[in-house]
Amino acid sequence: MSSITSKWFGEGEKYVKAVFSLASKIAPSVIFVDEVCYFLPSSFILCSCILWRRENPGEHEAMRKMKNEFMVNWDGLRTKDRERVLVLAATNRPFDLDEAVIRRLPRRLMVNLPDAPNREKILRVILAKEELSSNVDLEAIANMTEGYSGSDLKNLCVTAAHCPIREILDKEKKERASAVAEDRPAPSLYSSADIRSLKMDDFKYAHEQVCASVSSESTNMNELLQWNELYGEGGSRKKKPLSYFM
């Protein structure tokens, strides 16, 4: 979004055109829109087979024009048989998308929280360049981090990595205080080579400090599951029947 928005009126539409034009020239290519719910929220309606704009008082006219331009160019990709441009979008709030946008996304895949084997793979990627002690069991760490997201696992590893650094700093502080008390020259500082490798106790300590940021019973997660059941790939597509009141 930051790369196509501009303070000058009308520049946003030009940048949107440029994105699709460049994608067509270097095809095959992918146009990825992160947090699409904030760029294309529920502000479009279809009426008589024409895309109309629903007024949103809190939205600027320039932003509405840029969205319209994006939708028009997106539809243009579907009219070209040999166009090899894929529009890929990601969001944590798919229920905020308008149905006109959902229809243009034929495949909707829900990326759920990782299970234990995938958490172990994520840990291996995060800790690939770290020095680990022989007692570190990544499978055990993966099993005790049920409900953790990839971001939570990263925070866990960062917290664990702080443990040996904290030990070095405490050791330096004690040696410096001892040197001052005995009127000796201050000892030299430790280098990164003096930092010990990560131990299993570090990850156990980090597990006590870092908890899962997403609850499987939260309102947002329930809404995601319900939306996936209705619109997502593999869902039942069963909608509740309408009720009529007399």
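This is a predicted model: local features need pLDDT of at least 70, side-chain atom pairs count only at pLDDT 80 or more; totals for chains, interfaces and linings use all residues.
Let me begin with Glu120, which counts as buried at 18% relative accessibility, where buried means under 20% relative accessible area, exposed over 50% and partly exposed in between, with a 1.4 Å probe and protein chains only. Residues are numbered from 1 along each chain as its sequence is written, and side-chain values use heavy atoms, with hydrogens and water left out.

Glu120 forms a salt bridge with Arg124, the closest N and O atoms being 2.9 Å apart; by salt bridge I mean a side-chain nitrogen of Lys or Arg within 4 Å of a carboxyl oxygen of Asp or Glu. The two residues are four apart in helix H5, residues 116–126, and so are separated by about one helical turn; helices here are DSSP runs of H or I with at least four residues, strands are runs of E with at least two, and both are numbered from the N terminus. Arg124 itself is partly exposed, with a relative accessible area of 48%.

Across the whole structure, the search finds eight salt bridges. One of them joins Asp96 to Arg93, with the closest N and O atoms 2.6 Å apart; Asp96 is partly exposed at 28% relative accessible area, and Arg93 is partly exposed at 30%. Arg184, partly exposed at 41%, forms a salt bridge with Glu182, again with a closest N and O separation of 2.6 Å. Finally, Glu167, Arg196 and Asp202 are linked in a network of salt bridges.
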